[in-house]
Amino acid sequence: ILMWLLLLVNLIQAVVGGIYKPAMVVFAIGSSKLPGSRSYASALGSVLADRPCLMAWTWWRYVMSLLIALLANGRSRLALF
């Protein structure tokens, strides 16, 4: 249920992350300049916390960002690096 409540917010963030590479990095591993982003708002933080269900929104945002970045770069994974 929480996924459907946060779907619009995650889609907006995913568009930003898919187009702007530094935002994608923050979604993936967090940032040293944003306190708590590595632990509570990144895919890495979710893995380090043993992937609790309350942090599933970080994975949805990360996967949607990757999909949008892939589509924006002409379906080439090489451009993502």
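Mentor: A crossing of two helices is called left-handed if the near helix is turned anticlockwise from the far one by less than a right angle, and right-handed if the turn is clockwise. Keep in mind that this is a predicted model. Its mean pLDDT is 87, and 95% of the residues reach 70 or more. Among the elements, helix α2 (residues 7-19) has the highest mean pLDDT, 92, while helix α1 (residues 2-5) has the lowest, 82.

Two packed helices are described by the angle between their axes and the distance between the axes. Take α3 (residues 21-29) against α6 (residues 56-72): their axes come within 9 Å and cross at roughly 150 degrees. Because angles over 145 degrees count as roughly antiparallel, α3 is roughly antiparallel to α6. The crossing of this pair is left-handed. On the α3 side the contact uses Met24, Phe27 and Ala28, which meet Arg61, Tyr62, Ser65, Leu66 and Ala69 of α6. Sorted by class, the α3 and α6 contact has six nonpolar residues, one polar and one charged.

Helix α6 also packs against α2, at an angle of about 45 degrees and with the axes 8 Å apart. That angle makes α2 oblique to α6. Here the crossing is right-handed. From α2, the residues in contact are Asn10, Leu11, Gln13, Ala14, Val15, Gly17 and Gly18; from α6, they are Trp57, Trp60, Arg61, Met64, Ser65, Ile68 and Ala69. This contact divides into eight nonpolar, five polar and one charged residues. Arg61, Ser65 and Ala69 of α6 therefore take part in the contact with α3 as well as in the contact with α2.

The remaining pair is α2 with α3, whose axes come within 5 Å and cross at roughly 120 degrees. That makes α2 oblique to α3. Gln13, Val16, Gly17 and Ile19 of α2 make the contact with Lys21, Ala23, Met24 and Phe27 of α3. By class, the α2 and α3 contact has five nonpolar residues, two polar and one charged. Met24 and Phe27 of α3 touch α2 and also meet α6. Gln13 and Gly17 of α2 touch α3 and also meet α6.

One further detail belongs to α6. A search of the whole structure finds one aromatic pair. The pair is tryptophan 59 with tyrosine 62, arranged edge-to-face, 5.7 Å from centre to centre and with 80 degrees between the planes. Both residues lie in α6, three residues apart, which is about one turn of the helix. Tyr62 is also one of the α6 residues that meet α3.

Conventions
Residues numbered from 1 in each chain as written. Predicted model: local features only at pLDDT ≥ 70, side-chain atom pairs only at ≥ 80, totals over all residues. Heavy atoms only, no water. Axes fitted to C-alpha atoms, helices over the stretch in contact; angles between N-to-C directions. Helix = DSSP H or I, 4+ residues; strand = E, 2+ residues; numbered from the N terminus. Parallel < 35°, antiparallel > 145°, perpendicular 65-115°, else oblique. Contact = heavy atoms within 4.5 Å. Nonpolar A, V, L, I, M, F, W, Y, C, P; charged D, E, K, R; others polar. pLDDT = per-residue confidence, 0-100. Phe/Tyr/Trp six-rings, centres within 6.5 Å; stacked < 30°, edge-to-face > 60°.
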